[in-house]
Amino acid sequence: MKKMTTKRQLAMFLALMMTLLMAFTGCGGGDDDGAEDTDGDLPTIGIVSISDHTSLVMIRDAIEEQLAADGYIDGETVTIDYQSAQGQASNLKTICQKFTSKNYDMIIAIATPSAQMALGETTEIPIVFSAVTDPVSAELVDSMEQPGGNVTGTSDAVSASQIMDLARKLTPDIKTIGAVYCTSEINSLSVIEDLKVYAAEHDLTVVEAPITTGSELKDAATSLVGKVDAVFSPIDNEVANSMPAITQVLDAAQIPFYVSADSMVMDGGFATYGINYVALGTETALMAEDILEGTDPGTMPVRTIDDLQIYINTDVAERIGVEIPQDILDQATVFTDDNSGNN
Ligand code: TRP
């Protein structure tokens with residue numbers, strides 16, 4: 001690991017020397033499109049995120065930390081332009097158009113909608129995505145092994161089956177399960193399909209409560225009260241953006257809310273079996289570095305994270321009256337209300 005860092009720093013140094021040389025000799029000149037340049041001739045990375053919900057901020061921080069640790073320091077060796085669409089898909093287009101019109105050297109796109117928009121704007125500039133649940137269904141890559149174009153990155157694919165196995169250990173009596181998700185998020189749809197297969201195999205009934213925007217969440221949750229024994233959400237950005245709207249309803253009705261990401265447990269979901277998003281952000285940064293150093297994204301397989309853990313919110317457990325078996329608690333990462341990124 002240490003060795004890699006040294007090699008990376010050397011490569012970075014050489015890349016910078018090349019840039020300077022090209023600037024002096026007038027060669028290269030990727031910026032001669034008349035667009036405004038940022039911070040002289042430093043390579044520029046645009047980072048675009050669909051919103052600033054807890055998980056996406058964790059990912060961005062991990063990316064920036066790893067880049068800095070490897071010598072890609074904002075304002076010194078690179079320029080990093082971070083832009084959040086604040087949950088508005090329409091903002092994504094403006095941001096991605098800005099990045100491409102300024103001919104940035106790389107785009108790092110956090111979450112599926114950001115990556116889709118970035119690819120819609122450029123098939124030339126390398127795009128490294130982070131936390132895209134299903135990059136093939138999202139039509140970002142040809143395959144996980146051989147992405148093919150200018151895009152590759154990390155996936156946070158999780159399995160509804162594994163989460164439901166945990167759910168049935170924590171709350172063994174569940175027979176009906178509500179499914180809350182946004183219909184326009186392709187990242188949610190494949191996980192919901194997985195849930196339905198699992199339910200059919202285990203004699204569970206799924207009651208769907210689909211939404212089109214976060215403002216419908218409270219009503220969607222309310223519609224499930226009295227009909228389901230538990231509620232499930234995939235890795236859905238709309239749900240993650242508005243966690244309190246749903247947890248207030250479900251906690252009051254003492255319905256366990258099984259989610260798909262650690263951040264959603266921090267923000268008041270009950271439990272999940274999910275990946276480590278800091279590790280995912282770190283991996284994204286390492287891929288970005290390799291591409292900046294010359295690797296072709298089209299030949300670089302999409303990476304996933306094997307580090308899966310149980311996450312439980314013990315304050316929620318208390319509110320909904322669920323006692324957590326000691327053997328599960330011993331393996332779990334425990335959160336309480338104090339961990340919420342929404343506080
Ligand atoms: N996987 C989501 C996507 O593909 C993004 C995401 C990352 C996310 N972490 C999350 C969504 C946590 C909800 C909760 O768009």
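This is a predicted model: local features need pLDDT of at least 70, side-chain atom pairs count only at pLDDT 80 or more; totals for chains, interfaces and linings use all residues.
Residues are numbered from 1 along each chain as its sequence is written, and side-chain values use heavy atoms, with hydrogens and water left out.

**Exercise 1. Describe the chain as a whole by its secondary structure, burial, contacts and surface.**

Solution. First, the secondary structure comes to 13 helices and 13 strands. Second, 51% of the 343 residues of the chain count as buried. Third, taking contact to mean heavy atoms within 4.5 Å, residues 24 or more positions apart account for 72% of the contacts in the chain with a separation of 6 or more. Finally, the chain exposes about 14,700 Å², of which carbon and sulfur atoms supply 51%; such areas come from the Shrake-Rupley method with a 1.4 Å probe, and for residues only the protein chains shown count as cover.

**Exercise 2. Determine how H7 and H9 are oriented, and which residues meet.**

Solution. Two packed helices are described by the angle between their axes and the distance between the axes. The axes are lines fitted to C-alpha atoms, for helices over the stretch in contact, and the angles run from 0 to 180 degrees between N-to-C directions. The axes of helix H7 (residues 217–224) and helix H9 (residues 243–252) come within 8 Å and cross at roughly 20 degrees. H7 is therefore roughly parallel to H9, given that angles under 35 degrees count as roughly parallel, over 145 as roughly antiparallel, 65 to 115 as roughly perpendicular and the rest as oblique.

For the residues, Leu217, Lys218, Ala221 and Thr222 in H7 meet Ala245, Ile246, Val249 and Leu250 in H9. By class, the residues of this contact of H7 with H9 divide into 6 nonpolar, 1 polar and 1 charged, where Ala, Val, Leu, Ile, Met, Phe, Trp, Tyr, Cys and Pro count as nonpolar, Asp, Glu, Lys and Arg as charged, and the others, Gly among them, as polar.

**Exercise 3. Carry out the analysis for H2 with H11 and for H3 with H4.**

Solution. The axes of helix H2 (residues 54–69) and helix H11 (residues 277–292) come within 7 Å and cross at roughly 45 degrees, which means that H2 is oblique to H11. Among the residues that meet are Met58, Ile59 and Ala62 in H2, and Leu280, Gly281 and Ala285 in H11. The contact of H2 with H11 has 10 nonpolar, 5 polar and 1 charged residues.

H3 and helix H4 (residues 112–121) pack at an angle of about 45 degrees, with their axes 9 Å apart, and are therefore oblique to each other. The contact is made by residues including Leu92, Cys96 and Thr100 of H3 and Met117, Ala118 and Glu121 of H4. The residues of the contact of H3 with H4 divide into 6 nonpolar, 3 polar and 2 charged.

**Exercise 4. Locate Tyr273, and list its contacts beyond four places in sequence.**

Solution. Tyr273 is found in strand S10 (residues 271–275), and because its relative accessibility is 24%, Tyr273 counts as partly exposed. Leaving aside neighbours within four places in sequence, Tyr273 is in contact with Gln162, Ile163, Leu166, Leu308, Gln309 and Ile310. As to Gln309, this residue and Tyr273 are 36 residues apart in sequence and 5.4 Å apart in space, C-alpha to C-alpha.

Technical notes. Helices (H or I, at least four residues) and strands (E, at least two) are DSSP runs, numbered from the N terminus. Buried means under 20% relative accessible area, exposed over 50%, partly exposed in between (1.4 Å probe, protein chains only).
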